[in-house]
Amino acid sequence: NSKRPPSALFTYIDTLPKLQEKIAASAKAGKPVMIEFFASWCPDCKKVDAEVLSDANIRKSMKAFTTIRVDLS
């Protein structure tokens with residue numbers, strides 16, 4: 001759904017063990033992983049949210065991945 005905010009497309013990870021666990025689970029399931037490093041103060045990150053992650057084709061393609069966002073704010 002293109003009306004959902006970009007943040008809803010990702011699982012947020014805040015520790016290395018959680019990241020490793022999520023990657024391992026994804027590997028076991030045979031699903032590729034997409035990791036995005038993000039910061040609330042980053043203008044390029046906001047631009048990606050507005051211009052890339054709002055695109056329906058991008059959102060559809062992302063369903064093939066385990067999508068993880070690491071917030072560096």
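Two residues are in contact when heavy atoms of one lie within 4.5 Å of the other's. With that in hand, welcome to a short tour of this predicted model.

**View 1. The whole protein, from end to end.** The predicted chain folds into 3 helices and 3 strands. Starting at the N terminus, these elements follow one another as β-α-β-α-α-β. The C-alpha trace spans about 30 × 25 × 15 Å along the principal axes. A compact globule of 73 residues would have a radius of gyration near 11 Å, and the 13 Å found for the protein agrees with that. Buried residues account for 27% of the 73. If we take contacts between residues at least 6 apart in sequence, 78% of them join residues at least 24 apart.

**View 2. Strand 2 beside strand 3.** Moving in, we find strand 2 paired with strand 3 (residues 66–71) through 6 bridges, in the parallel sense.

View 3. Is Thr 66 buried or exposed? Its relative accessibility is 13%, so Thr 66 counts as buried, the cut-off being under 20%. Thr 66 belongs to strand 3. Which side chain makes a polar contact with the side chain of Thr 66? Look for Ser 26, at 2.7 Å. Leaving aside residues up to four places away in sequence, Thr 66 touches Lys 22, Ser 26, Lys 31, Pro 32, Val 33 and Met 34.

**View 4. Cys 42 and Cys 45.** Our last stop shows two cysteines. Cys 42 has a relative accessible area of 15% and is therefore buried. Cys 45, at 10% relative accessibility, counts as buried too. How many disulfides does the structure hold? The number is 0.

Notes: Residues are numbered from 1 along each chain as its sequence is written. This is a predicted model: local features need pLDDT of at least 70, side-chain atom pairs count only at pLDDT 80 or more; totals for chains, interfaces and linings use all residues. Side-chain values use heavy atoms; hydrogens and water are left out. A disulfide is a pair of cysteine sulfur atoms within 2.5 Å. Buried means under 20% relative accessible area, exposed over 50%, partly exposed in between (1.4 Å probe, protein chains only). Two strands pair if DSSP finds at least two bridges between them. Helices (H or I, at least four residues) and strands (E, at least two) are DSSP runs, numbered from the N terminus. A polar contact is a pair of N or O atoms within 3.5 Å; within protein, one must be able to donate a hydrogen and the other to accept it, and residues adjacent in sequence count only if both atoms are side-chain atoms. The radius of gyration is taken over C-alpha atoms; the globule rule is 2.2 Å times the number of residues to the power 0.38.
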